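This briefing concerns the model displayed below.

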Amino acid sequence: MSALHLAWRTVRRYRAQTLLAIAGVAVIGALLFDMLLLSRGLLLSFADLLERAGYDVRIVGGGGMTLRMPIPDSAAIAGTLRGLPEIEKVALVRILPARIAARSGASAPSVALIGVSGAASGVWTIVSGVDLDRAPGEPCPVIVGRSLAAALGVAPGDEVRINAEPAGVRSAMPPIACRIAGIGRFAFGGAGDDTVATTLEALHRASGEDRPGDADLILAASRSDAGSGAAVAAIQRARPGLAVYSNDEVIEQFNRNGFAYFRQISLVLSSLTMVFAFLLVATLLTVSVNQRLGEIAALRAIGIGRRRVAAMLLWESALLVGVGGLLALPLGELLALELDRILRQMPGLPEQLHFFVFEPRALAVHAAVLVVTAVAAAAYPMWVASRLPIAATLRREVVG
Amino acid sequence: MDIVRANDVSRMFPMPAGPVAALRRVSLAIGAGEHVAITGPSGCGKSTLLHLVGGVDAPTDGSIVFEGRDLASLSEPGRARLRLTRIGFVFQRFFLLPMLTAAENIELPQAEAGVAAAARRSRTRELLAYVGLTERADHLPSQLSGGEMQRAAIARALANRPALLLADEPTGELDEATSETIADLFDRVNADGTAILVVTHNPSLASRASRRLAMRSGRLVT
């Protein structure tokens, strides 16, 4: 007849109180769990997007990661990078605003035109049709974003006309005719984002740029036996002065700057939820102990040790918080799905970016916080029970 | 040989208007197999003396010696162990654990004393039969009558074969007929060798004792 057995029988006996405590902890625990998912969700989701692109090193021009400027002499840099033993593949990326029109007359006046050289698998996912590299002989193959394709009423094989319009330049270039190779979903594109991808050569033709080598971004993939750190070091040795970042460094930058806001909010809210759980369970246990003072005094009088009585109360707290904490997980997951859906409706967010992302660490922290809550909530009732003056309590119970 | 001896014990309770003496220099010895009853009006100090003898309270002055050991020299766990193994308590309000069955309530002190599960079950069956509750073994206290609850409480008190049974108004919550049943049970317990100290207002219960003492204003008067 262990302390756990006594606690289990007690929580079963006082059912209304038990259900109230478990329901309260489940709701509070769900909020806590969601705060933990939110605290690193964007970061994990962003890291996942970067990883899925298939490149682990990024080279940018002046302005760093946030204010991108063209990288002078990009083609030559790419050639140097391809010669490095630490690098497996290199892609140049150029992004310009553009206009696109379908043969039907439907048009979109402002789209993001992405020109990519080399293998760029991962930046987008083909939904229908084929990728750019599977349209040989086509002078201007394009991948059109799903929402844009739907708005223009176009499908793979259809012809569209594109005018590239470099920022700050009033272009008099005539539109170029392109053929849709595929419909795609862009990793960094929003749900309503109008994005079109083509080859770097086609983009240069469309824009009429006289320095076709200037990409906005150079992506490189390290060889698996070298790793991104070695690749970054090799690039910096080969071309000193370039702004080179591994994915880990990009994520760390965003962690420090862009996502600190979410971490702080979630820390404050999760601390508050923990306090609520503590107050709820501590109050219910204290009330319960006060209702059972005579019982507890009698137990101690017949020789049941303080330790067993305290352990029984600790187990009661652990059972209430534990069962509530377990129920909090599916409840929190459902709530996170709904909150994520609402937050992802914000305009301009990449479609595949999530705010609430599960990781085992969140589960471990959730469990640790609940253990601390259970112990803290039981502390005062345990103290009351173990310090109870036996004779005085028995006398009061009889007189009362 | 005395099981317990109270030597000149006093118990003062601090109150806002000044300390109140619940016991004044009381001495009492209870020998093995004795059956002692203490009577007296409410507030005369009967229960206080019982609590001191049982080691759940400490005297302000004087000493309580149980089987040769001064209770003041024992730590709280030591006193708890003594109460668990050598003293049985029976209360006016029974104080059975409401979430445990009658059998489980009787098993609890044995489990605390470290008695093996098989031996516990055997002893519990024996005690249930002894107090006539075999058929009610698996009933919760809420499913028992007052008399049945007190019989279960007496069985619990006897679980670890104590040398002394302390009973504080054991018939205080019971009707006359049920009180007689409990008194009969105390007689049987005493006849089987357990010393009993009972404090009571019930003259019939007190009359069963081999030694009757009366208290007035914190003093033993007979």
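Domain 1 of chain A and domain 2 of chain A bury about 650 Å² between them, and carbon and sulfur atoms give 51% of it; buried area is the accessible area (1.4 Å probe) that two parts lose on being put together, summed over both. Of the area that domain 1 of chain A buries against domain 2 of chain A, 71% is supplied by A:L49, A:E351 and A:Q352, more than any other three residues. The model is predicted: local features need pLDDT of at least 70, side-chain atom pairs count only at pLDDT 80 or more, and totals for chains, interfaces and linings use all residues. Residues are numbered from 1 along each chain as its sequence is written, chains are lettered from A and ligands numbered from 1 in the order in which they are written, and side-chain values use heavy atoms, with hydrogens and water left out.

**Domains of chain A**

- Chain A is divided into domain 1 (3-50 + 259-399) and domain 2 (72-241), with bounds that come from an automatic or database domain assignment.
- The C-alpha centres of domain 1 and domain 2 of chain A are 51 Å apart.
- Contact (heavy atoms within 4.5 Å) links seven residues of domain 1 of chain A with eight residues of domain 2 of chain A.
- The side of domain 1 of chain A that touches domain 2 of chain A has five nonpolar, one polar and one charged residues. Ala, Val, Leu, Ile, Met, Phe, Trp, Tyr, Cys and Pro count as nonpolar, Asp, Glu, Lys and Arg as charged, and the others, Gly among them, as polar.

**Interface of chain B and chain A**

- In this interface, 28 residues of chain B are in contact with 26 residues of chain A.
- About 2,600 Å² is buried between chain B and chain A, 64% of it on carbon and sulfur atoms.
- B:F95, B:M99 and B:E112 supply 24% of the area that chain B buries against chain A, more than any other three residues.
- Three salt bridges are counted between chain B and chain A.
- A salt bridge joins A:R300 to B:E76, whose closest N and O atoms are 3.6 Å apart.
- Two or more residues each come from α1 (46-53), α2 (76-86) and α3 (102-112) of chain B to the side that touches chain A; helices (H or I, at least four residues) and strands (E, at least two) are DSSP runs, numbered from the N terminus.
- α3(B) gives the most to this side, with six residues.
- The side of chain B that touches chain A comprises 15 nonpolar, four polar and nine charged residues.

**Strand pairing in chain B**

- Strand β1 (residues 2-13) and strand β4 (residues 61-66) of chain B pair in the antiparallel sense over five bridges; two strands pair if DSSP finds at least two bridges between them.
- B:V4 stands opposite B:F66 in β4(B).
- β4(B) also pairs in the antiparallel sense with strand β5 (residues 69-70) of chain B, over two bridges, and B:V65 stands opposite B:D70 in β5(B).
- The hairpin of β4(B) and β5(B) has two residues between the strands, and B:E67 in the turn has a positive phi of about 45°.
- An open sheet of six strands in chain B has mixed pairing and the order β6-β7-β8-β3-β9-β10.
- β6 (87-90) and β10 (219-220) of chain B stand at the edges, each with a single partner strand, so one side of each is left without a neighbour in the sheet.
- Strand β3 (residues 35-39) and strand β9 (residues 211-216) of chain B run parallel and are joined by four bridges; B:I38 stands opposite B:L213 in β9(B).

Methods:
Salt bridge = Lys/Arg side-chain N within 4 Å of Asp/Glu carboxyl O.
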